[in-house]
Amino acid sequence: MTLAAQSGQNSPAAEASTREAYGRTLIELGRQNRDIVVLDADLSRSTMTEFFAQECPERFFDCGLEEQNMIGIAAGLAAAGKTVFASTFAVFASCRCFDQLRMCLSQPKLNVKIVATHSGISVGEDGTSHHAIEDLALYCSLPGFTVVVPADAIEAVEAVKTAAATPGPFYIRLSRPKTPLVYSEGYRFTLGKAVTLKQGRDATVIATGIMVARALEAAKTLTEQGIDCRVINIHTLNPLDEEAIVRAASETGAIVVAEEHLAQGGLGSRVAPVVAREKPVPMRFVNLKDRYALSASSKELLQKHGLTAEEIARAVKEAIQAKAIPPG
Amino acid sequence: MANRIRSPSQETPANIFNLSLPELARMAKKLRRHIITMTATAGSGHPGGSLSAADIVSALYFKIMRYDPHNPCWEDRDRFILSKGHAAPVLYAALAESGYFPVEELNTLRKPGSRLQGHADRNLTPGVEMSSGSLGQGLSFATGTALAARLDRRDCRVYVLLSDGECEEGQTWEAALSAVQFKLDNLTAVVDRNRQQLDGWTRDIMDLEPLAEKWRAFGWHTIETNGHNLKQILAALEKAKTVKGKPTVIIAHTIKGKGVSFMENNPDFHGKAPTAEEAERALKELE
């Protein structure tokens, strides 16, 4: 994948909603494939599955506030040959029904796509209970679950279409607020393949989800300061593109991982063992550490918890400095 | 039995064995013997809740359900979903006796490399519709299965066997609400009401009564029956086929460990296999 062809063509201000992109894509998929069935747990107006419900009412089932039951129903439909999309907020799609995900979807490898919206602290004002910041740890721990975190609305469309066409359980993590566009129309998504959005030699920022746009912003600032920083979007956390990670470690000698998730179990925890095993280099991590956030606007929370371009740039400089220190 | 198998078709919506009442009783006894031998050979397992369900399972597999053991994925088959996953031995016994796999394979239960896992695994064992073992999830899966059958306009029925203990799981009642909401009259749940769970009597651990009233209140057509009286079990299952617009639950009153005197109503045999000596005594009682 090359970078320039796919990025930088949108003005920095261009934003779009990943969940709306999901809702619109479901209509398209539903028209093409009569085996697609959609479930929701009383949040269809927020997850945007209501578009599908209006278009294909006979293939939409609102499971009410029964997330655990919804996963079992999804499994039953999938076992009978349906391609099932099941949606709710990320916090309920992970913590609330983990045993059901494990026994009904992961172990039997059933064809259910969990597309969760309102992930991370960018949910904002709803507060701690609604901030899904453990979901990646939970989903990445489930063998056979493909885990995708789109960087923007364009990638979200591609991820949803790819999930519909690929057998097996998927988790796709979307956001509440509109997020900056990283890609342009025509972007081609390859499951499990990292995207190098900007080449660079001095360090690599590996980012996922809403942190990809921030990583690009950080790289721009760093260029002005004479630092040549590579930016990689890992949209697929499982299976992981280990080759891109090893290449980045070998070629740039320093790695920063940026994600909207707790320190434990997210992208950082996926990348670090690969680097440690194949090509140990200094690493830094931009994430939510081990703290819950409180109510505030999305923008205020991201700022307060250091999920910013500035924090990524600072981490890059720190990682580069660590390169200079001889081991031992 | 193999010579009695003929392939079912839309025109002949019948069970391939179609056993008479005395034959069904003999089959239930056979299933019980398998349960004892399997768990004793394995050295672990759950004989109590398997024995209590043997008559129900016998009625379903050898009289009621339409399926083809030589074509386990036949799309119009009736489905049996074992939600009380620890009763896997009774399911394996029925699958072997109906021809899904050789009866000799039953002795591989819980052994390395066996297709017969401690709790059923849909990816390994022919005829197993869904993996189970974490209680309270089978009714949800059955609800999804019944929805799919209706979407595809298939003339098939979905049966799910629950333990009474798993009616303590909240998810069972989530599913109970949804099956009524979706008007799934192609779904029949059977509760194996043996009144015991691992730690003792359900009334002492977490009282479920009035259980039938609870299901009725949730909107289910509710039938209570003696779960060891094959005539009553068959009548209830036949009645369920005629109920329109809502699912049916059969609360089958049973005895945990039924058929073996020293296992009956003995919670010790919930999750403990009989010793070789106990197995010998049990098999003698089941002759």
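This is a predicted model: local features need pLDDT of at least 70, side-chain atom pairs count only at pLDDT 80 or more; totals for chains, interfaces and linings use all residues.
In α6(B), the residues Gln171(B), Thr172(B), Glu174(B), Ala175(B), Ala176(B), Ser178(B) and Ala179(B) are buried. Helix α6 of chain B covers residues 170-181, which makes 12 residues. From its first C-alpha to its last it reaches 17 Å, close to the 16 Å expected at 1.5 Å a residue. In an α-helix there are 3.6 residues a turn, so residues three or four places apart point the same way.

The cover over the buried residues of α6(B) comes from both chains. It includes α4 of chain A, and from chain B it includes α5 (138-151), β2 (158-163), β3 (187-193) and α8 (211-217). After α6(B) comes Lys183(B), with a positive phi near 55°.

Two of the covering elements, β2(B) and β3(B), also pair with each other. They run in the parallel sense and are joined over six bridges. Within β3(B), Asp192(B) has Ser163(B) standing opposite. Seven of the seven residues of β3(B) are buried, so the strand is largely enclosed by the rest of the structure. That holds for both directions in which its residues point: Leu187(B), Ala189(B), Val191(B) and Arg193(B) go one way, Thr188(B), Val190(B) and Asp192(B) go the other way, and all are buried.

The loop between β3 and β4 (196-197) of chain B contains Arg195(B). Phi of Arg195(B) is near 65°, a positive value in a residue other than glycine. Arg195(B) counts as buried because 20 other C-beta atoms lie within 10 Å. Another backbone feature of chain B is the cis peptide bond that joins Glu209(B) and Pro210(B), with omega about 0°. Pro210(B) is in the loop between α7 (202-205) and α8 of chain B. As background to both features, most residues other than glycine have a negative phi, and most peptide bonds are trans.

Taken as a whole, chain B has 10 helices and seven strands. Its radius of gyration is 17 Å, close to the 19 Å that the globule rule gives for 287 residues, so chain B is as compact as a globular protein of that length. The C-alpha trace of chain B spans about 50 × 50 × 35 Å along its principal axes. Of the 287 residues in chain B, 53% are buried. Among the contacts in chain B with a separation of 6 or more, 75% are between residues 24 or more positions apart.

Lys109(A) is not a glycine, yet it has a positive phi of about 55°. Lys109(A) counts as partly exposed because it has 16 C-beta neighbours inside 10 Å.

Further along chain A there is an open sheet of five strands with mixed pairing, in the order β9-β11-β10-β13-β14. At the edges stand β9 (195-198) and β14 (283-286) of chain A, each with a single partner strand, so one side of each is left without a neighbour in the sheet. On average, neighbouring strands of this sheet are turned by 25° against each other, direction ignored. Strands β10 (residues 203-207) and β11 (residues 229-233) of chain A run parallel and are joined by five bridges. In this region Ala203(A) stands opposite Cys229(A) in β11(A).

Helix α10 (residues 242-252) of chain A packs on the sheet and touches β10, β11 and β13 (255-258) of chain A. The direction of α10 makes about 155° with that of β10(A). Pro239(A) lies in the loop between β12 (236-238) and α10 of chain A. The peptide bond from Asn238(A) to Pro239(A) is cis, with omega near 0°.

Key
Residues are numbered from 1 along each chain as its sequence is written. Chains are lettered from A and ligands numbered from 1 in the order in which they are written. Two strands pair if DSSP finds at least two bridges between them. Helices (H or I, at least four residues) and strands (E, at least two) are DSSP runs, numbered from the N terminus. Axes are lines fitted to C-alpha atoms, for helices over the stretch in contact, and angles run from 0 to 180 degrees between N-to-C directions. Two residues are in contact if their C-beta atoms, placed from the backbone, lie within 7 Å. The expected span of a helix is 1.5 Å times one less than its number of residues. A residue is buried if 20 or more other C-beta atoms lie within 10 Å of its own, exposed if 12 or fewer, and partly exposed in between; C-beta atoms are placed from the backbone. The radius of gyration is taken over C-alpha atoms; the globule rule is 2.2 Å times the number of residues to the power 0.38.
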